Amino acid sequence: MAAKLSVNLNAIAMLRNRRDLPWPSVTGLGRIALEAGASGLTVHPRPDQRHIRFSDLGPIRTLIDGAFPGAEFNMEGFPEEGFLRLVEEHRPEQVTLVPDDPSQATSDHGWDFQKDRALLEKVVGRIKQLGLRVSLFADGDPDREALKIAREVGADRIELYTGPYGGCYDDPAQAASLAETLGQTAEIALDLGLDVNAGHDLTVANLPALVTRIPALAEVSIGHGLTADALVYGMAETVRRFRRACGQDA
Ligand SMILES: CC(=O)[C@@H](O)[C@H](O)COP(=O)(O)O
Ligand SMILES: NCC(=O)COP(=O)(O)O
């Protein structure tokens, strides 16, 4: 089974935000990605709106509902009140909760499930009442007790944080070792009844080894590396390349 590809639009939004102009168009590039075969669109609206603006969310929801009814909207963020209200308003098919501090440049760690258990219990319950799938950002450590908590608080999935894996693009031995650790973590999660997503610094080069090690990988969400390739190959061709790297169209 091949992993689904959700295209993260944050980097496109950051480029647009350099000017007070509406291009490059976040929804326009999202449309091209979906037309080219992406399974969904991901956004990570941060409180300072430095990438995705809150005003982008409605048009993305409308795009999916209007033209791509099978596609999924994935909203990522720290579960503070403002983010939860956006979730209630835009009803993404999937909500990925990350433990990011507003001052963080980007996501760089998963939840501390023991420490954050009470918060997660509360917010996962609130989102589940809306009927939405919940995924929790998790470090790649094969820590069964921690992952058990993810299940107990009601999550449907975890998203493996693959930043360290993506960071060793120039060290194949270390990448192979991290792919193995991520694979062991995924096996524990699957055994506990959690489905498994992955994301952060994934590329056409590093995806094949990951999807081979984790054949049940449900979805990857990719922004930075995919946007970099889109500048070279165009968005449609880039989506096709990433689909193949995910094991689709093989
Ligand atoms: C959770 C995760 O890994 C991504 O959402 C990543 O944080 C992208 O967000 P930025 O584009 O804001 O770095
Ligand atoms: N959930 C990870 C994501 O959406 C994209 O991360 P990146 O590819 O921008 O590092």
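A: Just after helix α2, glycine 37 takes a positive phi of about 115°. Helices (H or I, at least four residues) and strands (E, at least two) are DSSP runs, numbered from the N terminus. This is a predicted model: local features need pLDDT of at least 70, side-chain atom pairs count only at 80 or more, and totals for chains, interfaces and linings use all residues. Residues count from 1 along each chain as written, while chains are lettered from A and ligands numbered from 1 in written order.

Now α2 itself. It covers residues 26-35, and its buried residues are Val26, Leu29, Gly30, Ala33 and Leu34 (buried: 20 or more other C-beta atoms within 10 Å of its own, placed from the backbone). Seen down the axis of α2, they fall within an arc of 140°, so they line one face of the helix. The arc uses directions from the helix axis to the C-beta atoms.

What does that face pack against?

Step back to the chain. It has 11 helices and eight strands. Of its 250 residues, 46% count as buried. Its C-alpha trace spans about 50 × 40 × 35 Å along the principal axes. Among contacts with a separation of 6 or more, 66% join residues 24 or more positions apart (contact: C-beta atoms, placed from the backbone, within 7 Å). Elsewhere, valine 196 touches residues including Arg157, Ile158, Ala186 and Leu217.

Key:
Contact = placed C-beta atoms within 7 Å. Buried ≥ 20, exposed ≤ 12 C-beta atoms within 10 Å, placed from the backbone. Lists of a residue's contacts leave out its neighbours within four places in sequence.
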